[in-house]
Amino acid sequence: MTGDGIPPNPSVLNTTVLSNFAYLDQLWVVAGLSGICAVPVVREELENGVAAHPYLQSALDTLDDEIPVATISDTVANREAVVSGHLDPGEAQAFALADAHDGRLLTDDGDARSFAKDQGVTVVGSVGVLLAAIDAGKIDEATADEWLSTWIDEIGYYVPYRTISEYR
């Protein structure tokens, strides 16, 4: 980790992935990812969402202790300003940090995913995190299918397939 709280080649969380795992009360899966970090605007979005979605409090509680929140440099802030016309604030800041530090963006937002890919930034979503957890032996496929179904049925998560095996 660098002095600014940014791991080498960071995996930078946007609110969407963090929210999905908070909903399941399974934030340990995200916290265990290599190079994981979040950005200050994601913290703000979680703080603003807790009243309507109390499960987000667990995500807030995970920040700093288990998931570091990066300090935003002038370089990242400048990149964020450039892309802010294309992305929402949390996505713009997370993208700018991932882009500046040769990292990857963790988001489920379709527009942010397309934009990041067009800019050459690697993107991973909640399904990708599930696949990585299976591959690392942290969860089995049946658990991943259960979690995916919960997101689809209870919070309106949209993905093209309902089972993890269809992503392989």
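A: Let's start with a word we will need: a residue counts as buried when its relative accessible area is under 20%. Please also keep in mind that this is a predicted model.

With that in hand, look at F21 and W147, which are both buried. F21 counts as buried because its relative accessible area is 0%, and W151 is buried too, at 0% relative accessibility.

Now for the rings themselves. A pair of aromatic rings is described by the distance of the centres and the angle of the planes. The structure has six aromatic pairs. One of them joins F21 and W147 edge-to-face, at 6.4 Å centre to centre and with 90° between the planes. This pair ties together distant parts of the chain, with F21 in helix α1 (residues 15–23) and W147 in helix α9 (residues 141–155), 126 residues apart. F21 also pairs with W151, again edge-to-face, at 5.1 Å centre to centre and 80° between the planes. Here too the link runs from helix α1 to helix α9, and the two residues are 130 residues apart. Together with Y157, the residues F21, W147 and W151 make up one aromatic cluster.

Helix α9 has another neighbour to meet, helix α8. Two packed helices are described by the angle between their axes and the distance between the axes. The axes of α8 (residues 126–135) and α9 come within 10 Å and cross at roughly 165°. Angles over 145 degrees count as roughly antiparallel, so α8 and α9 are roughly antiparallel to each other. Their crossing is right-handed.

Which residues touch? From α8 come S126, V127, L130 and I134, and they meet E141, A144, W147, L148 and W151 of α9.

Finally, how enclosed is α8? Seven of its 10 residues are buried, so α8 is largely enclosed by the rest of the structure. Those buried residues are S126, V127, V129, L130, L131, A133 and I134. They pack against α9, and also against α1, α2 (27–31), β3 (104–106) and β4 (122–124). Just after α8 ends, G137 takes a positive phi of about 75°.

Note on methods. Residues numbered from 1 in each chain as written. Predicted model: local features only at pLDDT ≥ 70, side-chain atom pairs only at ≥ 80, totals over all residues. Heavy atoms only, no water. Phe/Tyr/Trp six-rings, centres within 6.5 Å; stacked < 30°, edge-to-face > 60°. Helix = DSSP H or I, 4+ residues; strand = E, 2+ residues; numbered from the N terminus. Buried < 20%, exposed > 50% of the residue type's maximum accessible area, 1.4 Å probe, protein only. Axes fitted to C-alpha atoms, helices over the stretch in contact; angles between N-to-C directions. Parallel < 35°, antiparallel > 145°, perpendicular 65-115°, else oblique. Left-handed = near helix turned anticlockwise from the far one by under 90°. Contact = heavy atoms within 4.5 Å.
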